[in-house]
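Welcome, and take a moment to look over the chain before reading on.

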Amino acid sequence: MMIEDRIKQLIKPAILDAQAYHVPDSNDLIKLDAMENPYLWPEEIKKAWSDYMQQAELNRYPDASASVLREKLSSALNIPDNTTMMFGNGSDELIQIIMMALNKSSNVIMAPEPSFVMYRLLSSLLELDYIGMPLNDDFSLNLSAMLKSIEENQPAVIFLAWPNNPTGNLFDQSDIETIIKATSGLVVIDEAYHVFAQKSMMSCLEKYKNVLLMRTLSKLGLAGLRLGILVGASEWISEFEKLRLPYNIGTLNQLSANFIIDNISLLEQQAGQIRNDRSVVFNALSDIKGVEVWPSEANFILFKVTEKGAEHVHAELLKHKILIKKLHGAHPSLENCLRVTIGTKEENSAFLSELNKIMK
Ligand SMILES: *Cc1c(COP(=O)(O)O)cnc(C)c1O
């Protein structure tokens, strides 16, 4: 039998039909496509980190419960009593674990659209029914449509990115609470951009047993580390823990996270700089003719270039070694849309100056 036939015979159709998640090559480009923190650590912090890492015993398996990290994070995040944390290799892994736990035939996953692509992608790979609920034109939640669909479809879980990616806005808190009260399923509030919004719905964990809250260190400045955090009632978390591979957070990751939490003010300072520069970039984009721009509570900005076309603008920027994210084609309401991550002052200026020339 030919290898192609054997593959078709053995691999699940949902996998055969899927496209692998594409990460573009970004060698010597100004990288403004992936919501990374652009700043390196000062030399003395780097030195202190490598000293701290000397205690790693790589001959041993990692601490499966990451107890030191757990202790540090539960006070740093101020998680409510009666809640527990679970760690993932990025919050992507936590989304995958939640979906694997809910993977039975009658269950439906719901998320607004456009939103974080992993909600749809992972649902489809796991062959879970997925309902994408279109946002309003201003990217707010369409509450009445969502309530109607919740009643009809009884979703097992609703994912809400807060602020939303790629639109950058915070959904109305009372809309979210209405949804929490209306559903008999779980609501996962994904606060990946918490440090840039400086708002949290953590207090919902005290009021509602069906809410889970997700954070990540990635956008804060540790995208290379891979550490996602899920907080919720221990009854839920203990079920999800059964699906977590025991050593998913390696020793080097745990130690690095311990170290950085002790030095968190450095990352918070960098985030403050990014928030300031966000308004500089926003104002500059608003002044460019032919650019429509949406306000953002995250470390990226969504904008639209109807006349020049997103394909053209994206390609022209790339010619000048500037990589941003093209969203055109991802969803009907993102037609001719692009998303730029806030970088350093120099990177932002380079982007704005090239964009100005392209838009002329
Ligand atoms: C980037 C992002 C994540 C993924 O974060 P990792 O922890 O790096 O896996 C999760 N949710 C949203 C909304 C994001 O934008």
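The phi of Asn78 is near 60°, a positive value in a residue other than glycine. Before going further, please note that this is a predicted model, in which local features need pLDDT of at least 70, side-chain atom pairs count only at pLDDT 80 or more, and totals for chains, interfaces and linings use all residues. Residues are numbered from 1 along each chain as its sequence is written, and side-chain values use heavy atoms, with hydrogens and water left out.

Another loop worth a visit runs between β5 (157-161) and α8 (173-182), and Pro163 lies in it. A cis peptide bond with omega of about 0° joins Trp162 to Pro163. Pro166 is also placed in the loop between β5 and α8, and a cis peptide bond, with omega about 15°, links Asn165 and Pro166. For background, most residues other than glycine have a negative phi, and most peptide bonds are trans.

Now step back to the whole chain. The domain assignment gives domain 1 (22-42 + 265-359) and domain 2 (59-262); such bounds come from an automatic or database domain assignment. How do the two meet? In domain 1, 23 residues are in contact with 22 residues of domain 2, where contact means heavy atoms within 4.5 Å. Together the domains bury about 2000 Å², 69% of it on carbon and sulfur atoms; buried area is the accessible area (1.4 Å probe) that two parts lose on being put together, summed over both. On the domain 1 side, Leu267, Arg275 and Glu297 lose the most area to domain 2, together 27% of what that side buries.

Finally, look at a sheet. Four strands form an open sheet in the order β9-β10-β13-β12, with antiparallel pairing; two strands pair if DSSP finds at least two bridges between them. Because β9 (292-293) and β12 (325-326) stand at the edges with a single partner strand each, one side of each is left without a neighbour in the sheet. Further in, β10 pairs with β13 (residues 337-341) over five bridges in the antiparallel sense, and Leu338 in β13 is the bridge partner of Phe303.

Note on methods. Helix = DSSP H or I, 4+ residues; strand = E, 2+ residues; numbered from the N terminus.
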